[in-house]
Each structure stands twice: as structure tokens, then as C-alpha cells.
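Biologist: I would like to go through a structure that is new to me. Could you show it and then take some questions?

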Amino acid sequence: MLYLDNAATTGVRREALEAMWPYLTGTFGNPSSPHAFGRAAAEGLKGARQTIAKVLGKRATQITFTAGGTEADNLAIKGIALANPRGRHIISTPLEHKAVLESLDYLRRFHGFEISMLTPDRYGQVSAEELKQLSREDTTLVSVHYANNEIGTIQPIAELAQATSAPFHVDAVQAAHLPLDLDVSAISLSGHKVGAPKGIGALWSKAPLEPVIHGGGQEKGRRSGTENVAGAVAFATALELAREELFPDLSGFITSALEIEGAQLSGHPTMRLPGHASFVFEGTGAETVLLELERLGVICSPGSACGQGEVSHVLLGLGYSEDLARTSVRFTFSASHTPEDVDFAAQALKSAVATVRSSFSPH
């Protein structure tokens, strides 16, 4: 089977497993404990924090470990908005991950925040000019994803961050292979998108944070709960390795897919994540195309793994009809894939769409 759903989750790297193994066996102490076992675990956690901070070009003391990207987004948005707000106004986009959108809705419903949404263009990008127009003196936070998980479009983060004086949060969960030394206020990351196990994430924030999980005051009071030391060590190892990877060229794959009648590339044609290609195919259904692709030996997805069968809010937000949005198919390659893998996927896609369409043709 050719696995092409790396935007949903990646396989765990051997190097990450080897790095975390000692913290699951001999060095298993609680990093808050004062004895030798605890001190050894605390040193592992400290090293992981320093490694991630180095990748980001930030201070290690500003890294907070979380249970994943969803928690990191929740902590960033709720934490910054409630810690030292300039007002009750937040700016974001309608294409954000549900972790961001639901956090914004919580602040609206329970804390009276006003949410302003930037208008994406047909490729999913938002503009610094509109952000400048929407920004106000009472804008407490701006939150814009670095790259979209469903359509792969990369946002012009540097331009956007310069267009406002408000704290700026970036959901970089899908963007670990892009430059991460961003001049922003907060960055969310997730381990299982880069080859670490599920259940570990991180938030870097130079802005004050009101915690959303209370208890023992771990992570300098920003996130209570005994830290996942083994996960943090694996995450740091995987993130460093991810920085060195090169993805296969998908230009030929995209050209081949667009030769299919009724095919459209979703997202930006050039400013998109490496290894990411997403399409809609008129006259098909994503579920049947995906089943046929799996029969042919290719595993991919209709889009976000967090959609739970819903029509993509991202595609609807770009103006796609509900029927067309239901035909979305996303391929996300890893750096380990070869040109032969790309060619195999291209031929399988053509065959799958043809088979699905023929099954619906009148006899």
C-alpha cells in the first residue's frame, strides 16, 4: 500500500522511537520529582525544549508542551485573549482548523468577543491590506494558519504580521517543513505531523497566557499536568529531522491529474505545501474514488481527518458548491516517497476516477 495521507498523520520515525525509549524504561521518573529519577526526566524535557526552541529561533523558556496541536491552538487563542486583552476583538479566517474556529466561538459565546473574518481569495490566501483595515486599537489577537491542511495553501505570514500591532498567533501544525523563525507572538506545533507519536504538541508564545488546564502548575504554570517526557523527546528529535527533508516534485502529478475531465486543483497553484496536492472531480464522489484508490493500492483522504464526515468548511469558504466539495481528494506525500511512487499514484488516480464514472454511466 502507498500511504499518501501524511497531512492526517505520519508514521513514527525510528529515530524518534529510539530517542524516547529510555524515557519509557529506565528514565521514567516524574520530571517534577526532586530525586535522581525525576531529575533525569527533567533533563530530558529540558533538552527537548531547547531543541524545539532552536528550530524556531526562540527562547526555550517560552515553549509549552501540550497534548497536541489542538490543545496548543486552544491555549494560544484562549490563553492570549484572556491573559491581558487590549479589548474584545479578534481577527482570523474562515479557513482555520476547527481547533481555532471552535476556540474563537467559545470566546464569542462566553466572553463577549467580537470575531472579524478575513476574506480569502479563490486560492485560500488572505491579504495584509484587509488585515490592516480590520485591525483596531482594541484588537486583542490575530490568528492565521501558516498553511492549510486541506488545500495546502501557504499564507504570507510575514506580510500579515507586519500589518497589525496586535499579538499574532500562527497555527503551524501543517507547516513544520517551512521556515519557522517567524516574527510573530505565538506558534502552535504538533508532533504526529512530523514523525513523532500522537499525543504531543507545543506552543511557543512570547505573549502572556492564561492557562486553560489548571492543577499542579507544571510548564511554568501555563499548562498543568505531568509532562509527556518521552513524547517531548521524540517530538524534538522528529522536528529536527523534518527540517532536513526534501519532498518529491509533484508538478507532473498535478499536470496528470488535471488532464482528467472535470478536475480542478484546490488551493494555490504554487504557494502550497511541499508534497501536497488536492483536487475536486466533477461527477464523482470522494468516498467512491477513495475506495477505488485503496483497491488499487493508494491510501489518501477527502481532506481533514477532523471533519467527521462533514462537508469541508474550507472548500465551502472558497465558494465551492456543496456537491463539488464532496468530491475532494487530497494526496499528501512524505519525503521518503520516490518519483516512481508519484507516477504510480498518478496512474491510479486516473484509473480510479474513470472506474467511478463508468459505474454511474447509463447502460
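**A conversation about the model**

Modeller: Please note at the outset that this is a predicted model.

Biologist: Let us start with the sheet. In what order do the three strands of the open sheet come, and is the pairing parallel or antiparallel?

Modeller: The order is S9-S10-S12, and the pairing is antiparallel. Strand S9 (263-265) and strand S12 (329-332) are the edge strands; each has a single partner strand, so one side of each has no neighbour in the sheet. From one strand to the next, the twist averages 25°.

Biologist: Which helix packs on the sheet?

Modeller: Helix H8 (residues 251-258) does, and it touches S9, S10 and S12. The direction of H8 makes about 0° with that of S10.

Biologist: How many bridges join S9 to S10?

Modeller: Three bridges join S9 to strand S10 (residues 276-281), and the two run antiparallel. Within this region, Gln264 stands opposite Val280 in S10.

Biologist: Why do strands pair in this way at all?

Modeller: Strands of a sheet pair through backbone hydrogen bonds, and the arrangement is either parallel or antiparallel.

Biologist: On to aromatics. How many aromatic pairs does the structure hold?

Modeller: There are seven aromatic pairs. One of them is formed by Phe279 and Phe331, with ring centres 6.3 Å apart and planes at 65°. Planes over 60 degrees apart count as edge-to-face, so this pair is edge-to-face. The pair links distant parts of the chain, since Phe279 is in strand S10 and Phe331 is in strand S12, 52 residues apart.

Biologist: Is Phe279 buried or exposed? And what about Phe331, buried or exposed?

Modeller: Phe279 is buried, at 0% relative accessibility. Phe331 is buried as well, with a relative accessible area of 0%.

Biologist: Which residues form one aromatic cluster?

Modeller: The cluster consists of Phe253, Phe279, Phe281, Phe331 and Phe333.

Biologist: What lies over the face of Trp204, and what sits over the ring of Tyr106?

Modeller: Lys58 lies over the face of Trp204, 4.6 Å from the ring centre. Over the ring of Tyr106 sits the charged end of Lys78, at 4.7 Å from its centre.

Biologist: What is Ile157 in contact with, leaving aside its neighbours within four places in sequence?

Modeller: Ile157 is in contact with Val144, His145, Tyr146, Phe168, Val170, Leu182 and Val184.

Biologist: One last topic, the backbone. What is the phi of Glu219, and where is Glu219 found?

Modeller: Glu219 has a positive phi of about 55° although it is not a glycine. Glu219 lies in the loop between strand S8 (201-205) and helix H7 (229-242). Lys220 also has a positive phi of about 55° without being a glycine, and its place is in the loop between S8 and H7.

Biologist: Is Glu219 buried or exposed? And Lys220, buried or exposed?

Modeller: Glu219 is buried, with a relative accessible area of 5%, whereas Lys220 counts as exposed at 64% relative accessibility.

Note on methods. Residues numbered from 1 in each chain as written. Predicted model: local features only at pLDDT ≥ 70, side-chain atom pairs only at ≥ 80, totals over all residues. Heavy atoms only, no water. Helix = DSSP H or I, 4+ residues; strand = E, 2+ residues; numbered from the N terminus. Buried < 20%, exposed > 50% of the residue type's maximum accessible area, 1.4 Å probe, protein only. Pairing = 2+ DSSP bridges. Axes fitted to C-alpha atoms, helices over the stretch in contact; angles between N-to-C directions. Contact = heavy atoms within 4.5 Å. Phe/Tyr/Trp six-rings, centres within 6.5 Å; stacked < 30°, edge-to-face > 60°. Lys NZ or Arg CZ within 6 Å of the ring centre and 35° of its normal.
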